[in-house]
Amino acid sequence: MTQLPSRARHGPLSYAFAAVGVMTSLALAIATLIGLPSGPPDPAPSVSAGAAPHSRAAPTNPSMPGFDPRQAALVAAEDTRVFALARANRPGTPPHTQPVNGGLPTLILPGRPTPYDVDALVAGGAVVRQPDGGLLLVHSVLVDAGAQLSLNTPNSTLRMASGPGGNASLVSVKGSMNIGGRASAPMTVTSWDPAKNAPDTDPTDGRAYIRAIGSRMDLHDLNASDLGFCSGRTGGIAWTGSATQPATGSARQVNVSGNQYGIFAARTAGLLINGAQLKGSAMDGVAVHRGADGTQLWRVSSLANARNGIAVTQGAHNTSLNEVTTTSNARNGIYLDGTPPANGPNPSASATTRSAGFTVDGSSAQANSEHGILVNNADKVTLSNNMVSSNRDGIVVRGTTQGVALEQNHISSPGGFAVAVRDGSKDAVVDKNVISDALTAVQVDNAVAKVTGNEVDGMTVHGVSVIGAGSGSSITDNRLAGRGPSSIDVNRLSFGGVVDISGNDESNWVVDRDDARYMASFVSKHPLVLLWFLTLVFPFAARLIYKRRHKLRNLGKHPYQPISTRATSSQASYSAAGPSPAVPAGFAGSAGPEAGSRPSALSGTPSGQPAPPVHANPAPRRPVANPRRTPTPGQPMPPPHPAQTPPRNPAAPPHPAAPPHPAAPQHPLIHPAAAPYPPAPRPPARLPGRPASAPPALPGPSKRSVDGPPAQPSGGPPRRSPADRSSSPWAPRPASPPVPRATSAPQPGPPAPPPAPGTSPSMPSPNGPAGANPPNNQPPSQGQQRQGQDRRPPKGGTRITVVSPQ
């Protein structure tokens, strides 16, 4: 019987999964070694003992709009209308109304010594008085060069028409405007949709706005809401100028809400914004843009805007922010960007130098979504006496900045960095700051900074950390208190880097690397560990699952395959291969007129009796230590196992002696592919009463009969029977190829002597039939012994199990 395979074969998919996992792990390891993360991610906020917890207010700011081509076309149309009307106006002409295609008419106010007021606008048909005392601006107004417009209407409301039919605007081109009320009775300006009889809150089709172009505009005691669309110059309230004619003015005690931009300034000189509050803008609360110089912001509050609270961006110089407050903005509280407008020669001749000269003093930045104060690529920046708390990160200085100083600030940033100097900043100074409640108090990442005289308390990772190209930095005279892996971290400094560390007080720092809090946040601090774990464990887990399923699939099956199943599958494969050879008549199982009329050559059944049944599962044979060994000449083989020797029927007549015939390479009834060759059995014992000598060599080829045993040659010794030839594994190999079958009639042979008691009739002698051995049981010659050794069954040969009639 055949044992089932013990090891399962695995396809290429398993090896592919394993290869992908190993390669991914190697790639992640290399990437981690080449570029280490700049710092740990934000864990849950922690509050040190004795400090009041910081609550990060959820901003209620509107969503920042995307780019709208329709609004951009409306902005271009507004620029075209304004400049075309300004060029077409002639000095000395009276006020007049100019129609506009696709929009509201425009009232043009030419220059004159006396200012224009509300009555002049009513007389020109631009303003309509309302029953509630309000004013409805139904036409746009253009204040030309040399003209002045004064709208001082305390405790009144100016409603500017705005809707699908067109948008009213107040624009001054090289003139001047003064709009406001009194401190106790401010003026209100808003957009107004006549169809809805309500403020216009949809800027997609344009919206009313106020703008000064190369002019002076002063706003005071004013409440403005729901103005502007798309760009900064049409964003609500805007000061814009040119290189030769900058805009200027002021905004005092102004409250702005719901504008596109709260206040926008570009190409201005000496603009002052004092006591303003800006809330809920769709972009920035205050945007100081390109070419603005000398802008000052005092006591400005900007909160809940969709981008930055206060943004000083490309090309603005010498901007100061004093006592400003930024709260709950969607990005940064204060954003100072000194990136040059252009790099190298450009068509607009824009500056290629970084902006410089920014001051933020006595200000507050709290609960903003990203950074409290962000300084990007700006030079000569001073941040002093500021309160920065409850932002994702406190103060961040990044880019190629030069000469940034952080002095005497109070900074806390639960879950983030209090101060971070990054990405090439040079000569930064972090001095005499009070820092509490953050992951790391000061992080210097690929930058050079001087960290000195700071009071640090409540840190959870590091006090001061220097990473990458930070050679030349210094950490001196700081008082560091907290709990984490280290108070001063320079382990990730570039090779060969030197940092001056001296005079620091680390007595209140608790080195804590293996506590429960550290282990709980280990994966969040090392995010690649989880990915490594998955890529390494997944192939092995898949392998174990596959092996377990394979084992459960074969659970309960017999480990050996029965011979009947094996023979059936082999016969099926042999039948598919081709037809079986012709079977001579007279053998067991053959078909023909003489089938069953003569003894079976395989089973030894007498003629006329039915063939004994062949058992599908015969009794197991006794194991043989060396089944291929050759019996020693002259030494009889031991008797077969009793389970292999069926009892003999006493009533059965003795077997007749079969006529000898030449040996054949294989039995004609069994094809070699009928069944796989099992291990060679132990050779049977020689039957008593039969000589053990091999038959002499045959004189030559002979003819076989189809219906019986082969015919006897004219001379020579008798030939062996098919039963003796097929059952003896030591029969000599014939010297000539198989002879074609003859058609002569079968000839009966002499009767065979009866078998010895206790032996099977079908057990032939291992040394050949009776009379084949030399007299006196002499051992076979050397040539006969070699022929017996060569006659061992090859692998894949045929095996036949015969059972007696009983």
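Guide: In this predicted model, two strands count as a pair if DSSP finds at least two bridges between them.

Visitor: What makes strand S38 and strand S40 a pair?

Guide: Strand S38 (residues 455-467) and strand S40 (residues 479-484) are joined by three bridges, and because the definition asks for at least two, they qualify as a pair, running parallel. Within this pairing, Glu455 stands opposite Arg479 in S40.

Visitor: Why are S40 and strand S43 called a pair as well?

Guide: Five bridges in the parallel sense link S40 to strand S43 (residues 505-511), and since at least two are required, these strands pair too. Here Arg479 has Asp505 of S43 as its bridge partner.

Visitor: Which residues have the most contacts inside the largest nonpolar core?

Guide: They are Leu149, Met160, Leu170 and Trp239, in a core of 93 residues, to which strand S36 (residues 434-445) gives the most, namely five residues. Beyond four places in sequence, Met160 touches, among others, Leu137, Leu170, Val189, Trp192, Ile210 and Leu227.

Visitor: What makes Leu137 a contact of Met160?

Guide: Contact requires heavy atoms within 4.5 Å, and Leu137 is listed among the residues in contact with Met160, so the two have heavy atoms within that distance.

Visitor: How many contacts beyond four places in sequence does the model have for residues 35-59?

Guide: The model has 48 such contacts there, although pLDDT stays under 50 over this stretch. Residues 785-791, where the pLDDT is also below 50, have 14 contacts beyond near neighbours in sequence. Where pLDDT is low, the predicted coordinates should not be read in detail. For the protein, the mean pLDDT is 76, with 60% of the residues at 70 or more.

Notes: Residues numbered from 1 in each chain as written. Predicted model: local features only at pLDDT ≥ 70, side-chain atom pairs only at ≥ 80, totals over all residues. Heavy atoms only, no water. pLDDT = per-residue confidence, 0-100. Core = buried A, V, L, I, M, F, W, Y, C linked by side-chain atoms within 4.5 Å. Buried < 20%, exposed > 50% of the residue type's maximum accessible area, 1.4 Å probe, protein only. Helix = DSSP H or I, 4+ residues; strand = E, 2+ residues; numbered from the N terminus.
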